[in-house]
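Colleague: I would like to go through this model feature by feature. Please give the general idea each time, then the case at hand.

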Amino acid sequence: MKWFSRLSIGIFLVLLAVTPLSGQEFQDFYADFFEYLDLLESRNVGLTSFPLLNIPLGGAREAIGTAYTALSENSGFIEANPAASSLLQNTEFSVFHNNLIADVSLESIAYTIRLDRLGLGIAGKFLHVPFTRYDSRGAQLASKTFSENIIILNASYLLFPSFYFSGLGIGANVKLAYRSIPEELYTTVPLVVSGSQDGLGIMADIGFQGHFNLLKFYSSREKNFSFGAVIQNLGPPVNGDPLPTQFSGGLAYRPLRFLVFSGDIILPINLLSPQDSESLGLAVGMGISFTDFLTLRAGLLLRGGNPRISTGFEITLPWTSLFVNYTLDRTTTLGAVDRFSIQVTLDLGDRGRSRIREQVDALYLEALQAFAESNYPRVIELCEQALSLDPSFTPARKTLETARESFELDKALEKIRLGEEATGQSESSDPPDSREEETQ
């Protein structure tokens with residue numbers, strides 16, 4: 001494993017170091033390459049409001065090409081699939097910084113918590129765009145800031161959990177978005193419609209997610225295959241423009257403990273004019289864990305005529321994780337420090353779930369030992385204790401049923417044995433005279 005990780009990192013660094021193209025040459029090559037592959041269909045792009053909704057927070061979701069509908073491993077899930085909060089193990093608090101173009105950046109914050117089967121979360125996204133307007137002579141007329149801000153409230157619930165199936169999480173987000181455009185930036189521009197350009201939108205996301213085992217080549221309690229689907233940004237138009245509503249469906253597969261693949265299909269939906277919907281999108285990604293504390297991710301997003309290649313790494317430390325990503329697309333400028341994103345996540349614990357799991361495991365192992373000794377009353381007692389702590393622990397439930405059946409069978413056999421002994425004793429206790437009379 002060590003040689004594999006060193007080789008992979010070495011190849012990655014060499015490719016970055018030997019790139020002979022300048023910034024503009026690289027952008028031209030990048031665009032020509034994807035056009036040659038006929039992957040840049042760009043029908044009806046830019047017809048929706050609040051573009052901030054299509055910019056990922058950062059973190060693992062951006063690194064893996066936004067193919068996160070089925071994966072959703074940390075608090076960055078909150079935009080990808082609202083159902084994931086009921087499946088996350090730990091309470092998390094995260095801050096994000098996404099450096100987009102020049103001095104344009106996105107700041108975000110998220111907090112998620114799981115209360116048994118109930119998941120809750122809250123997040124905020126804040127985009128600020130400094131903008132200066134000049135007249136025909138180059139004189140500065142106005143210098144203001146355009147901004148978009150979104151608040152997200154999340155709730156989800158876990159249905160049908162068991163030992164072999166994580167359960168089906170269903171969830172929803174409610175989003176409140178506000179756009180602010182200072183009047184000085186548009187009042188003297190002749191092509192802009194008169195009136196305020198500010199906007200207020202309310203929308204919702206609805207999704208589901210589940211995990212189970214399929215073609216698993218390693219031993220672990222964690223499930224290795226997951227699926228999910230979500231419809232995002234359902235809501236009324238803002239100032240006559242539709243929201244970027246879309247449906248996403250995804251799968252994620254971890255064949256080995258250190259390797260994961262994921263993929264999403266994205267179907268944009270223009271609710272005002274379905275025939276003007278954007279083209280179908282595709283996102284794929286993978287992650288490789290070189291050690292317990294270092295994970296490398298990479299992904300590709302094909303959507304809107306602007307293919308996006310992203311890569312990033314995660315460093316996991318006790319109580320915290322650090323995510324750093326870099327993204328290449330047609331807006332990336334190689335000569336400037338942009339398209340980097342960073343996420344810092346604080347692990348606030350699992351509210352005692354791991355401790356309960358350890359207690360359940362200990363009780364179940366003791367029950368198996370008692371079962372081997374045919375001590376069925378003790379097996380029943382231990383399994384009932386385990387299920388009182390975790391009703392979804394299927395092995396204990398099955399062992400309890402078997403122990404009860406075995407105990408009832410033992411009692412029935414004991415009654416038969418005692419009945420035969422009683423009959424034998426009764427026959428042997430008859431008086432000799434009566435036996436002689438019967439013989440005669």
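Colleague: Over which residues does pLDDT stay under 50, and how many contacts beyond four places in sequence does the model have for them?

Modeller: pLDDT is the predictor's confidence in each residue, from 0 to 100, and contact means heavy atoms within 4.5 Å. Where pLDDT is low, the predicted coordinates should not be read in detail. Here pLDDT stays under 50 over residues 1-18, and the model has 9 contacts for them beyond four places in sequence. Residues 434-440 also have a pLDDT below 50, with 2 contacts in the model beyond near neighbours in sequence. The protein chain averages 84, and 80% of the residues score at least 70.

Colleague: What are the ground rules for the values?

Modeller: This is a predicted model, in which local features need pLDDT of at least 70 and side-chain atom pairs count only at pLDDT 80 or more, while totals for chains, interfaces and linings use all residues. Residues are numbered from 1 along each chain as its sequence is written, and side-chain values use heavy atoms, with hydrogens and water left out.

Colleague: Which residues of helix α5 are buried, and which are exposed on the other side?

Modeller: An α-helix has 3.6 residues a turn, so residues three or four places apart point the same way. Helices (DSSP runs of H or I, at least four residues) and strands (runs of E, at least two) are numbered from the N terminus. Buried means under 20% relative accessible area and exposed over 50%, with partly exposed in between (1.4 Å probe, protein chains only). In α5, Arg-353, Val-360, Leu-363, Tyr-364, Ala-367 and Ala-370 are buried. They lie on the same side of α5 because they cover an arc of only 115° around the axis, taken from the directions from the helix axis to the C-beta atoms. Glu-358, Leu-365, Gln-369 and Ala-372 are exposed on the other side.

Colleague: Where is Asn-154, and what does its side chain reach?

Modeller: Asn-154 is in strand β4 (residues 140-159). Its relative accessible area is 5%, so Asn-154 is buried. The side chain of Asn-154 reaches the backbone oxygen of Pro-82 at 2.9 Å.

Colleague: Is Thr-327 buried or exposed, and which side chain does it join in a polar contact?

Modeller: A polar contact is a pair of N or O atoms within 3.5 Å; within protein, one must be able to donate a hydrogen and the other to accept it, and residues adjacent in sequence count only if both atoms are side-chain atoms. Thr-327, in strand β13 (residues 320-328), is buried, with a relative accessible area of 0%. The side chains of Thr-327 and Glu-62 are joined by a polar contact of 3.4 Å.
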